[in-house]
Amino acid sequence: MIYSLPPRVLLACLVLLLSGMIQAQTQSVPEPAAEVAPEADSTPDPSDRNQDAPDSDRFDAAFDPALVGLPEFPSSLAAPDAVSKALDLIDARITEKTAAIEAATAEAMLDTSADPDADALERQRKRLLELRRVVQRRAGLTERLTEAERELADRETRLAAMQTGGIALEPPFQVSLLDQARAELTLNQSLAAVAETRIATAEQRLAEAENALTTAVRERRAARDRLTQAETENVQLPEREGLSDALEEARLNEILARQQRMAAEQVRESARLEQRLAELAQAVLAQRIEALQTRVELSREALQARLEELDSTKDRMRAQIETLQHQGDQAEADLYRARQRLAASDRTADQAALEEWVLAHQAEQSAARTSLDSLNAALANLEQMRRLWEQRYQLMHDAETLDLAGVLRQNILDTAAAIREKEAIESRLNSLRSIQLAQERRLLEADLSASLREALETRGAAHALAERHGRELLQTQEALIALLQGMRPQIESVVEQQSWSLQWLHAQETLSEWWEAEWLVIDDQSIRMRELITALAMFMVVLLIVSLIRLGARRALNRRKAPSATEPAGDLRLVLSAVAGNTSQIFVLIAAFYVAMRVSGLAGPTVVAWLWNLLIVAFYIQLGLWANAAMADYFIRKRTRKERRDPSTVTGYGVMMVFFRVGIWLTVLVSLMAYFQYPIAGLLGALGVGSVAVGFALNSILSDVFSSMAIVLDKPFRVGDFVKAGDTVGVIEYTGIKTTRIRSLSGEQVVLSNSDLLSSRIHNFKQFRERRIVFRIGVVYQTPRALLEQIPHMLRDAIEGQPQTRFDRAHFAEYGDFALLFEAVYYVLSPDYGLYMDIQQGVNLGIHQRFEEAGISFAYPTQELILRRGPSISPAVGAAGQAMI
């Protein structure tokens, strides 16, 4: 039968079974002591309930408040006496905690061995004090909500009455009432915008309060479980008392968190009511304006009174201008004297006070000049307002005489100009206020001398004077804007047809309003539409410019590309290749983001400075990437050209690329550190010492490595060349980073270090293009002179009879010891040694053949002894012969 039940029923039975097992286990645990009563945690925790429930003011804890000394703590503060009852309970508990703290302190003074937990009692008392403040705050919020609800009902009644019966005034209506209603409408619109921000802030605070409540509930349950476990395990009494105090503190934290959550709900509800009140106020004012516009008038007496009021204000400002001119002259004289005193002072005088007095008189002079400019601008505004009031009177009584389209166009232009001027005035006042705040902070310093303090106060008074007259100018500017905006609906109501220029002005005004509108508010900082669009536009412009540059570099690279990889390419091609293919997208995005933030004004000075530093780092890294790419392209192309003729260049160029890469990135790192003004002298010294140490340790290895680079760059030989280096003769087989291998004539492989190879004298027999051959040949002394004259021609014929030879000369060189020597010189037009030996053999055979045909004998070392016998000579004849000799 069980298997025939639906799955939902089986799941429900399983849940019930588990619940019964948990409940039976809980009942088997001994209950806590009376001061720690069991808590009804089996009920759903209020923090898990819907916080938007209608009864948001209900206090619904998972334990009895009497456990923390607050019996019958009111579950709701909406009752008349609930607040006073809650405060009385909290005050009584605070009194008990204070007495307990005093008793614990006295016990600690009398008995040093006692260990009263006064700190825990103090923490509980602080929680109770904070709970008292929250309850009082909730009481105030409750009253505010009640008043807001009452006012909301009153405004709804007023709006309904105005919609049915109109306003409680008899026409005609004064134009001042209409202007006042429009000003109030503008104010309420701004209040509604502020209310939206308050609602968002209140919702954020409510979320934080709910998270705090969840944490407090978790901590209270953990403290209860620890105490229950300690009582079950019969832990010592002092430790249980400490756990009991911790549980009481956790319960107080939960009550406090619940009250704070309820207060946050009331704040949110209050913000919503304020927004609703602002919306109803706008509706009431809109209804009032609509009713006033039907029968509004401007009498001659009202106009005259308005003009007299403006004239009175102008007279007052002219009197202020005369006073300011006198103050400016006096400040200029005081400034001259202060500068003279400062120039004539010695080092023992109070230089700081004298310098501050110079600045103070400069501030007085500048404030007088600035105030004069503000009052003159205010007079111009008053004069413009006077003309506008007269124009308004004419508009309401004799509109046919006016060029209404021109009046409306001028009104739109004047309003836009007045609003821009108002923003400029507010910016100047904000800057002046920042200076005043700095002055006020400096006046708070306690070590200021009397003279220096007086100078600072004089300077502050000058700034206050400039601010006061700037506020007067701002008031007249706002009055001018209000008058212009009040006149515009009246002008539009009588203009029958608007020209294209007026429609364009309307479109411009609408676009300007949209351009200046707030799109987003983050941490009370507004982001305007113009700032956002400007930022997006500049971001896209930078990306577009970079894309065009890279596209242009690619096209120029294609036009300048070498026909083959083995042909050289210009330096400009390397730059184009680096820009086109190795521009980092991260660098482009950082640059675009910086330009967007800087131009749009979205980022403050601190963020702009941070972005600039980030851009500098990215730029230096990008320079390293470009240099590395250009270097790699150059060496790869050069290696490709050399590789077919000399495969050994692959290793050498690889070593050079590694060294160049290390040098490039070290240069980038040192340049970055120098830009950010880091102390690089020590780093360079350490690198120098480290380089020297490494150089000494790896002297032989580095010598061979650099020798391999010299072999690649200087190219004294290539793989396959037949060379003679010292006593080694053979063919180059391999050139590496450290060694070069030679296959000797006897067949073995000889390995030489690169440094030893370059230090020896190298004979490269493969580099010469032809061989110069010099040889001598000797003939016997008995050879006739006629044949001797023919021998050079015979030698020439024998040489020229061989292929790939070029005859140089052949001469009778000298008389030898046993031969007449002839010297011949010719060239073999090939470096091949075998070919040379074949040619020399042919020359020798040819000479032998020609000498044999001519009967010329080759000389060889011989000695000839000549013996002669003649008649005997008499002594007389011998003496005569000797006399002749």
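Q: Which residue forms a salt bridge with Glu823?

A: Side chains of opposite charge can pair when their charged atoms come close. A salt bridge is defined here as a side-chain nitrogen of Lys or Arg within 4 Å of a carboxyl oxygen of Asp or Glu. In this predicted model, Glu823 pairs with Arg809, and their closest N and O atoms are 2.9 Å apart. The pair links distant parts of the chain, with Glu823 in strand β12 (residues 820-828) and Arg809 in strand β11 (residues 805-815), 14 residues apart. Helices (H or I, at least four residues) and strands (E, at least two) are DSSP runs, numbered from the N terminus.

Q: Are Glu823 and Arg809 buried or partly exposed?

A: Buried means under 20% relative accessible area, exposed over 50%, and partly exposed in between (1.4 Å probe, protein chains only). Glu823 counts as buried because its relative accessibility is 16%. Arg809, with a relative accessible area of 27%, is partly exposed.

Q: How many salt bridges does the structure hold?

A: The structure holds 33 salt bridges. One of them joins the side chains of Arg93 and Glu248 (2.6 Å, N to O). Arg93 lies in helix α2 (residues 82-110) and Glu248 in helix α5 (residues 237-292), so the pair ties together parts that are 155 residues apart in sequence. Both Arg93 and Glu248 are buried.

Q: Where do Glu800 and Arg796 lie?

A: Glu800 and Arg796 are four residues apart in helix α19 (residues 785-800), and therefore about one helical turn separates them. They form a salt bridge whose closest N and O atoms are 3.0 Å apart. Glu800 is partly exposed at 43% relative accessibility, and Arg796 is partly exposed at 41%.

Q: What span does helix α13 reach from its first C-alpha to its last?

A: The expected span of a helix is 1.5 Å times one less than its number of residues. Helix α13 (residues 585-600) has 16 residues and reaches 22 Å, close to the 22 Å expected. Its buried residues include Phe587, Val588, Ile590 and Tyr594. Gly601, which follows α13, has a positive phi, near 80°.

Key
Residues are numbered from 1 along each chain as its sequence is written. This is a predicted model: local features need pLDDT of at least 70, side-chain atom pairs count only at pLDDT 80 or more; totals for chains, interfaces and linings use all residues. Side-chain values use heavy atoms; hydrogens and water are left out.
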